[in-house]
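The following explanation leads through a protein model, beginning with the chain as a whole and ending with two neighbouring positions. Please keep the sequence and the structure in view while reading.

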Amino acid sequence: MTGLSWQVVVLIGLVAMAGAYVQAVVGLGLGLLMAPIVALLEPSLVPVLPLWLALLISGLNLADEHEHVDWRSTAWSLPARVPGTFVGAWLVASFTEAQIGVVLAVMVLVAVGLTVRTVSVPLNPASLSIAGFVAGTTGTATSIGGPPIALLYQRERPEVVRATLSVFFFVGVMLSLTGLALSGSLARTPSEVALVLSPLVLVGYVVGRRSRPYVDGPSFRRGVLVVCTVSAVALLVRSVV
């Protein structure tokens, strides 16, 4: 981890722990919280560091609630993530992080606004395929791939959301890491930092898991929308500034 101060590593570790807590409760959050902050503190760690830690937390969630996975929906969204992954890898190699961040942030904010003001988007093959493709693109390019899928599932039971998102994230992150490796963008330092911060992610997960019984349906939906909105605003500000 040459060139990184211990203060930066500790701060990122605290953010990772908070993100793991949120994702253990809501089903997403680690990448959403980490990506903008890590990009501000140490841009060279994005998107590889958040992706490695997202792989860990999604694996923990999946192992805990695998019986609640909506496999029918996943069968449509996951294959669509594959071409999105290659598009995202191409974006990383072709465009600046600021350009990618602005487009992604605006997209998430528009999606949240439409969701709040209108009826929920139906879960069907078309919506799942589009969300899977977009998530694959944005997840690989910025490590933020949760909102497109999470917005579709916001009105489902919390355990179904967490389990299904965990499958999507776990497989999707592996695809994103593979795409980055093939494009030559999988750096060694972010991978080393991810290994060091893994215990903090585990702590956040354990605390978050114990908090699940206290989150009801409406609170869960608000939590998903708030996490998506905050992350998008933070990403937009970081990209513009």
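**Charge, surface and fold**

In the protein chain, the mean positions of the 13 positive and 10 negative charges lie 5 Å apart. Lys and Arg are counted as positive and Asp and Glu as negative, while His and the chain ends are not counted; the place of a charge is NZ of Lys, CZ of Arg, CG of Asp or CD of Glu.

The model is a predicted one, in which local features need pLDDT of at least 70 and side-chain atom pairs count only at pLDDT 80 or more, whereas totals for chains, interfaces and linings use all residues. Residues are numbered from 1 along each chain as its sequence is written, and side-chain values use heavy atoms, with hydrogens and water left out.

The protein chain contains 10 helices and 0 strands, where helices (H or I, at least four residues) and strands (E, at least two) are DSSP runs numbered from the N terminus. Along the sequence, the pattern is therefore written α-α-α-α-α-α-α-α-α-α.

The C-alpha atoms occupy a box of roughly 45 × 40 × 30 Å along the principal axes.

Of the 241 residues, 50% count as buried, that is, under 20% relative accessible area, with exposed meaning over 50% and partly exposed in between (1.4 Å probe, protein chains only). Among contacts (heavy atoms within 4.5 Å) between residues at least 6 apart in sequence, 84% join residues at least 24 apart.

Ser176 belongs to helix α8, which spans residues 158-182. Ser176 is buried because its relative accessible area is 0%. Leaving aside residues up to four places away in sequence, Ser176 touches Leu51, Arg81, Thr85, Gly136, Gly139 and Thr140. With Arg81, the side chain of Ser176 forms a polar contact of 3.1 Å; such a contact is a pair of N or O atoms within 3.5 Å, and within protein one must be able to donate a hydrogen and the other to accept it, residues adjacent in sequence counting only if both atoms are side-chain atoms.

Leu175 is also found in helix α8. Is Leu175 buried or partly exposed? Leu175 is partly exposed, because its relative accessible area is 27%. Leu175 touches Arg81, Val82 and Thr85, again without residues up to four places away in sequence. The C-alpha atoms of Leu175 and Thr85 are 6.6 Å apart, although 90 residues separate the two along the chain.
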